[in-house]
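I opened this notebook to record what I looked up, entry by entry.

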Amino acid sequence: MILLDGTKLAEEIKTELGEKIKKLTDEGKKVPGLVTILVGENPASQSYVNSKGKACQKLGMLSKTERLPETISQEELISIIYKYNNDPAFHGILVQLPLPKHINEDVIVESIIPAKDVDGFNPVNVGNLSIGKDTFYPCTPYGIVEMLKRYKIETSGKHAVVVGRSNIVGKPIANMLVQKKEGANCVVTICHSAAKDLKKFTLQADILIAAIGRANYITADMVREGAVVIDVGINRVEDKTTEKGYKIVGDVDFENVAPKTSYITPVPGGVGKMTIAMLLVNTYEAYLKIER
Ligand code: NAP
């Protein structure tokens with residue numbers, strides 16, 4: 001069994017990007033810029049936004065966080081997004097989700113111009129992804145595909161079973177893996193909560209991707225010997241032995257599943273680490289397209 005080390009890969013990707021950005025700076029050129037918009041004070045969102053900002057700055061990218069009150073109206077938020085749509089200093093715009101209930105997330109996502117939509121959630125980019133055209137890949141699925149690629153895991157003709165059909169993980173990873181492209185070309189099955197016998201499907205997987213949001217849900221009897229297992233889940237479970245009183249586990253029962261696999265991601269230290277790295281890659285790619 002080989003551990004897919006997201007921490008190491010993410011560092012590798014960031015180092016490569018850092019070198020590219022240093023070259024731009026040395027040549028006196030503009031650098032890629034990312035603006036992150038945070039509405040309200042959700043602690044998890046604050047922490048994600050801080051990490052994204054720090055990662056950008058460390059690489060020499062321009063980074064700005066726009067912190068807005070919980071009470072902001074949808075119209076005001078849209079007008080701020082429009083401002084950044086037209087601001088040449090920023091190549092990527094990210095609105096941290098979830099948003100307060102009075103704001104329609106779909107409308108907000110659609111108000112970011114596709115060229116700066118580094119989360120890849122705008123329907124134009126989602127559409128381009130599904131028909132195999134150049135687009136921004138949502139960061140978590142992009143991280144998974146990059147991980148498979150860098151570990152030289154064969155995907156062509158393999159059966160990928162995705163458990164979960166969210167718009168941010170399940171559907172886009174299925175859409176990416178099904179494309180007739182290098183690093184993809186899988187036969188794909190998507191499962192969700194209405195699957196009658198989940199195990200029947202997961203046991204067929206050469207590549208099993210769990211994006212469910214339920215701690216340790218994929219057990220050893222659901223996994224084929226030699227499968228590649230990608231665990232996207234991030235779940236808090238009580239653990240009185242830790243200072244915080246909880247620990248983070250994935251959707252896969254790692255301890256019992258890992259010995260059966262050929263490759264597996266740990267949680268933490270797997271897919272989660274790749275997500276921010278791929279956001280930076282998307283911002284750099286947006287820069288190249290806009291400044292070209
Ligand atoms: P989500 O929107 O809640 O979607 C969960 C999906 O799992 C749904 O499609 C749901 O089916 C399906 N599901 C739930 N119970 C199931 C069951 N018993 N059998 C089969 N399918 C079942 O979650 P998400 O946003 O995709 O996130 C999934 C997990 O990944 C969460 O733990 C989240 O924290 C984590 N995550 C991690 C990263 C990262 O950077 N590593 C990024 C995003 C998310 P229905 O559609 O039928 O409800």
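I worked from a predicted model. I found an open sheet of six strands, in the order β1-β11-β8-β7-β5-β6, with parallel pairing. I noted β1 (2-3) and β6 (187-191) as the edge strands, since each pairs on one side only. I recalled that strands of a sheet pair through backbone hydrogen bonds, either parallel or antiparallel.

I looked at β7 (residues 207-210) and β8 (residues 228-231), which run parallel and are joined by four bridges. I traced A210 to its bridge partner in β8, which is D231.

I located T265 in the loop between β11 (263-264) and α10 (271-291). Is T265 buried or exposed? I recorded T265 as buried, because its relative accessible area is 0% and the cut-off for buried is under 20%. I then followed the side chain of T265 to the backbone nitrogen of D231, at 2.8 Å. Beyond its neighbours within four places in sequence, I listed contacts of T265 with residues including L4, V229, I230, D231 and V271.

I placed S63 in strand β3 (residues 62-68). I read a relative accessible area of 19% for S63, so this residue also counts as buried, the cut-off being under 20%. Leaving out residues up to four places away in sequence, I found that S63 touches L34, G53, C56 and Q57.

I noted that the protein chain is divided into domain 1 (28-113) and domain 2 (139-272). I recorded 29 Å between the C-alpha centres of domain 1 and domain 2.

Definitions and conventions:
Residues are numbered from 1 along each chain as its sequence is written. This is a predicted model: local features need pLDDT of at least 70, side-chain atom pairs count only at pLDDT 80 or more; totals for chains, interfaces and linings use all residues. Side-chain values use heavy atoms; hydrogens and water are left out. Domain bounds come from an automatic or database domain assignment. Two strands pair if DSSP finds at least two bridges between them. Helices (H or I, at least four residues) and strands (E, at least two) are DSSP runs, numbered from the N terminus. Buried means under 20% relative accessible area, exposed over 50%, partly exposed in between (1.4 Å probe, protein chains only). Contact means heavy atoms within 4.5 Å. A polar contact is a pair of N or O atoms within 3.5 Å; within protein, one must be able to donate a hydrogen and the other to accept it, and residues adjacent in sequence count only if both atoms are side-chain atoms.
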